[in-house]
Structure formats: C-alpha cells, structure tokens
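Here is a short briefing to read alongside your structure.

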Amino acid sequence: MNILIMKQEWNGFNDGLWTKEINVSDFIKKNYKGYDGDESFLAGPTEKTKRVLKVYEDMCIEEVKKHVIDIDTEHCAGINAFAPGYICEDDDVIVGLQTDALCKRSIVPKGGLKMVEQELNAYGYKLDEKLDSFLHSNMVKTHNDGVFDAYTSEIRKARHVKLLTGLPDAYGRGRIIGDYRRIALYGIDYLMEQKFNDWDNMKIDVMDQDTIRLREEISMQYKALKEMKEMAASYGIDISKPAKNAKEAVQWTYFGYLAAIKENNGAAMSLGRVDAFFDIYFERDLAAGILTEEEAQEIIDQFVIKLRAARHLRTPEYDELFSGDPTWVTCSLGGITTEGKNMVNKTSFRIVHTLENLESAPEPNMTILWAQSLPESWKKYCAKVSINTDSIQYENDDLMRASMGDDYAIACCVSSMRVGKDMQFFGARTNLAKALLYSINGGIDEVKRELVIPGFEKMTDEVLDYDKVMESYSKMLKEVCRIYSDAMNIIHYMHDKYAYEAGQMALHDTNVNRLMAYGVAGFSVAVDSLSAIKYAKVKPIRDEEGITIDFEIDGDFPKYGNDDDRVDNIGKELLEKVYSELSSHPCYRNAHPTLSVLTITSNVVYGSNTGATPDGRKAGVAFAPGANPMHGRDESGAIASLNSVAKLDWTNCCRDGISNTFSIVPSALGKNEEEQINNLVALMDGYFVQGAHHLNVNVLNREMLIDAMNNPDKYPLLTIRVSGYAVRFNKLTKKQQEEVISRTFHNKM
C-alpha cells in the first residue's frame, strides 16, 4: 500500500518526509504554528464538560474514603478484555475507559500472581474460581516467577534488606512511551502493514536468539495493533484510516494510550508530547470554520478528564513506595525546535488551562519544557497556574534538546526519551546512605543485622577517618552496583519474556534504542554524612556487636543545599562514582546505562529502613526526596538551595534525571500576583540557565498543609508536587504527609 493514497485525510497539510515514512516529528515541524500571544483566547468549560467532571469528581471523593471503587475479578487485563465504558455516555465527547465502568480496576496477572492475590486480599476481593484455577495451572508462568527463578542469593538478600528497593520484579516496569500520535496521523492499517513489512523483509544472516525474539515481538506488535482497531470498533469508531479532523485526532491518539493502560500496570504510563501535534488539527478546523474555540477546549478538557480517570490495582505496600495512586500520565509541553523556533502553541495553553477549567489535579503530570527563549507570555501563564495550583513541573529543554532533539518527551517524572525511538528498562533505585553504613559496619545491615556484602571489616576507629571511609565506600559501591546490574538484567529479560508490552512497542520503531534506567536514593544524606566525616569529628556509637547505632558530631560541617562547593563537589563526585561503576557492566539487549536522582515518595520508606547516619540523621527518619537537600539544612535561601542542585551533572552522569522539589511561601515571591509571577519566572530562568535539569514548584504555606492533614474534608482535592509528580495530599499516608510538612519552605529568595 502506498501511503500517498491517504492524502485525502491530510488535505491542507504541508507535504514532507512524513508522507513517505512514519515520521511524526517531520509532520509537526512542517505544519505547526508557534504562538507568541497570551491566554486571553482561552474558553471556559462547556455544560457537557461540567456534567462529566461532576461525575468524575464525586467518584474521586468517594474513592478517598473507600480507596478502591470496584475490581473486576473475572477478566485479566487486556486491550479487548472489557466492554465499552463511559463516564456520561450522552456527554462524553472523548470516549473510552480502562474497564467497563468508571474507575473499576483490573488485574494484571502476567506481572505476578502473588501480587494479584495480595491486591485482592487487601480490599476484600477474591479471584473468580475458574480464572484462579487457570492462572494457577502449569500453563501460566509470570514475569515474577521468571525473575525469582533466576535471582541469585545476593540479589535476594539486597532486596530483602532494602538496599535495592522498588525493583519492578512483580509489577509492570512502565516508563515506555508509545507514539500514540501515529494512530491519528497514519491509521492502524498502515501501521500494521509497516510492521508486517519489517517482519517479512527482515535481513537474516543467522537465525540466532536475538533474531528469533525480534520476529516474535514484531508479530505480537502486529496483533496488538489489530486489537486496538477492534477495541475502538466496540465504541463504534473506525481507526483503520487517519483522523480527518481535530476531534478524531485526539480520539485516535487517546485510543492508543487507552490500549497501553488496558494492557499494562506500568510504574509510569506517560502520554508523551501531543500539544503541537493536536494543534495542527485544531488550527486547520478553526480556519475551516468547522470548530469553535469553545469546542476545541471542550475536546481537550474531556481528553484530560479521561486521562485523570486512569487507575491501576496496587497493594498498600506499593502505595507506601509510590503514594497517591499515581499513574504518571506525564504530558510534555512547549520547548524549542533544534532550529531555535518556538514550539509553544495554542493547544499548549489549552492543556494547561484544564487546571483552571477542571480544577487542579495530579494527572496528567504536566511538564513544561523550559527554554530561555520561550515567549514571556507562556512563561508567565505557566508560573501563574503553578502559583494557583501547585500542579506543574519544569524541565530544562535547552539542556536536553542538544542530545534528544525536539521530539522527545518525559516518562514518569524526569526521564527523557525520543518518542517512538527510545524505550526504557526502569529499575527503581539503590540506597546510597545504607551502602555508606555497610562500608562502616563490615557489610552488615544495620537494621536486619544480616551480612549482606562479605569481604569488609568493621571499622573500629573512635573518630571516623574520611580517607579510610571513602576507600571502603568506593569498594562497597562497586559491589552494590554489580549486584544491582545483575538484578536489572534478570528483571528485564523476564519482563520481555513474560510481560512484553506489545501495544506500546507497536507504536515504536522496530529497531528501538534501549536505556537501562538505574537510580539512587539517600543522596543528600550520604553527601552530608561524608561532609561531616571530612570537616567535623564524627564518633560512632556502637553496640556490643560492634555495629554503629548512632553518631556523635563534634564541630560544624558544610551542608548540601547552601551553594558551598566543599560539600556540593562531594555530591558530584559520588554520583560520578556510582554511574562509572554501573556503566562498567554490560546491559541486557545492549541498553545504554542511565542514572537518576529520584525517589518519588519512596524517600519515607527508604528512611524508615535505614539506621542513623553520620550526618546526624536519626534511625528511621525519612530521606529528602530526589536530589533535594535534607529538610531544614538549606538555610541560605531559595537561590542558594537551587544553585547546589544545579551543579549536578545531567549531561555526563545523570541522564535519567535529577529531581528537585521546591517549596516557597507566597510572600517570599512577592507582595502581589504580578510580582510573584515575575519573580518565579526569573527564578526558573536563573536556575535552568546554569544547566539544572528539573524543578517541582509548590507555592504554599506549611500551615495550610497542617490544616489539610488534620481536616481532610476541608481539602478533598488539594494537589501538591511531591517528587517528580503531583498528588492529592489526602491520598498520601500520614507519614508521607508529615514528611512533606517537614520539608524546607523557603521564606526568602
């Protein structure tokens, strides 16, 4: 089939390479219109949207009380596992739900049956008897089964003591962004034809295991595309051909995303980058007079409500790690082309405007790709919405664009990938603070009292010696990184084998680039601990077994977060050491290793499983999130705190992202709204121009959060940024709420 015969759906679009091959990026650059104006053109919500929103928000309030509205126990998750579902069938402008009812959750047994059983038991449900019998038969093997068949004893031990935490060995790895736009631009039939051609015309020198596996995966992708077409048809919609108008473009794209969340319970199910793509269709329809601005906003509002309605079934233990019931529907907005052209468009504004039309919410995880040359009107609008909603994060487009191009998007919180060309093997993180304690305690876990890493001697010095500690710590990190790498290779081998994301990978190039996404936790605790050992006198307090249970600190020491190179350089060198060790190990499927400084809300759980540390932190106290300074230690003001984080190296070390969650009281930004907006824009320009990567922005007072914790009914939909994502405050655990409240709220610049 010659793609050129589909030109009728592209009437009014400029020709280009995109008409000869699958190339959404070329389509966008040939056809989009940048917008330099302000938000004055935006429209409010329609009556249809208000009715749909009311049903959804009433459900959200009920869900806070019950946690789970309903669970389907008779069907396994799949693209076509459920009958069509609606919020308000008569008012739904964009249609489609994960199951047949709003926020009914599905089970995903291919990740692991034990996880499914724990999920159901937690909420008082039981698996259908016939399905239970089938899943427990010898015919079914899960990702979780395969992983634990291959795990070594040292990996199991590192996982057990929480040295390695949050590994996706019993749940979907996520962080894969399908190029859902391809369905709207080309139609399913053409995408199926191209996958068949890739399979049928594959050059085969040797029929080795890599070739066999790829052929099987392409076949699975082809079938998944067929299932997407059938799923859309169940709603009475034919997505076999390209979208003819803006409403169809949004609907077709959403069906691709819907297939992904129907099939997978991924750790992050990100949307990608759709603003400029959608805007091309909106501009064409508006110019033709077949669409009004009110109708355009209605389509976007209802699309966003559907994204907000995404739900996965997870255990209470999972929620302790990744709290707030997130799906990380990360939506990347704005940015600049590689030629320096503004990519902000009217639909960029429309999507952010949903935080005003629909009130604030965690999803989609709105991510502004910030560049110095973006229009001031766009920067100010985003800053205004940030101040009013605390629902936006910012990432440095000038930094990422140099190597990622201008059609990349953010997965989860801070992980950049070229849309449809890169995929990621997500791997949670390792505990740097615990590893430091191991280097002091001879490889023995300070909480479990088990030998985890053999070959190390307990330190017996009365005062810790910095050079001696660093020598031991370097050796310890070498061992920890080796174990971590082995675990990741096993996990992703088994995930590909037993829980392959056929639908999402069908919307990628067949020959995809892979990234191995390692991560670290306890960064600022480890950095301040090393600083204390170097610049003060740190005396270990040991028990009768010679294990340190606390530390006495004599003297002061520089603390990370105050723009002091003495300690900030320790942090840079530590991350470089970890990345160097991880990079020394071969990665499954020749993936390129990357590293993140990101904890999500897991910093509370990590801290609760880590003993007292040499920086003065007591046993069990929560870590700071991501790359943040430890709570209360960044005493030199907002700018100094930001400057410390900005020194961390994204380009050569932490390409998977450096998360920084920033809270400032409104009065510190200015006396009125205009002053606050201008100062926040200037603050972010100054931060990102240094090469900083990421910033969550919260503009609020601690007292409001305390009131919200004590009186949750007063704040049923209160949203805040936590660590790379936003969350309903009342969906956090009590410990996590207390940790958020204990963070630094900057009261001066």
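Met-476 sits in helix 18, which spans residues 466-498. Keep in mind as you browse that this is a predicted model.

**Met-476 and its surroundings**
- Met-476 has a relative accessible area of 0%, so it counts as buried, the cut-off being under 20%.
- Setting aside neighbours within four places in sequence, Met-476 touches Ala-435, Tyr-438, Ser-439, Gly-443, Ile-453 and Phe-456.
- Between Met-476 and Val-352 there are 46 Å from C-alpha to C-alpha, and the two are 124 residues apart in sequence.

**The largest cavity**
- Sorted by class, the lining of the largest cavity comprises twelve nonpolar, three polar and seven charged residues.

**The second largest cavity**
- The second largest cavity has a volume of about 180 Å³.
- Around the second largest cavity are 23 lining residues, and those nearest its centre are Val-108, Gly-111, Tyr-171, Gly-172 and Asn-265.
- Helix 3 (residues 113-122) supplies the largest share of this lining, three residues.
- In the lining of the second largest cavity you will find eight nonpolar, eleven polar and four charged residues.

Notes. Residues are numbered from 1 along each chain as its sequence is written. This is a predicted model: local features need pLDDT of at least 70, side-chain atom pairs count only at pLDDT 80 or more; totals for chains, interfaces and linings use all residues. Side-chain values use heavy atoms; hydrogens and water are left out. Helices (H or I, at least four residues) and strands (E, at least two) are DSSP runs, numbered from the N terminus. Buried means under 20% relative accessible area, exposed over 50%, partly exposed in between (1.4 Å probe, protein chains only). Contact means heavy atoms within 4.5 Å. Ala, Val, Leu, Ile, Met, Phe, Trp, Tyr, Cys and Pro count as nonpolar, Asp, Glu, Lys and Arg as charged, and the others, Gly among them, as polar. On a 1 Å grid over the protein atoms alone, a cavity is a set of points where a 1.4 Å probe fits but cannot get out, and a pocket is an open set with protein on both sides within 12 Å along at least five of seven lines; lining residues have an atom within 4 Å of a point. Grid points are joined across faces, edges and corners, and a volume is the space filled by probe spheres set on the points.
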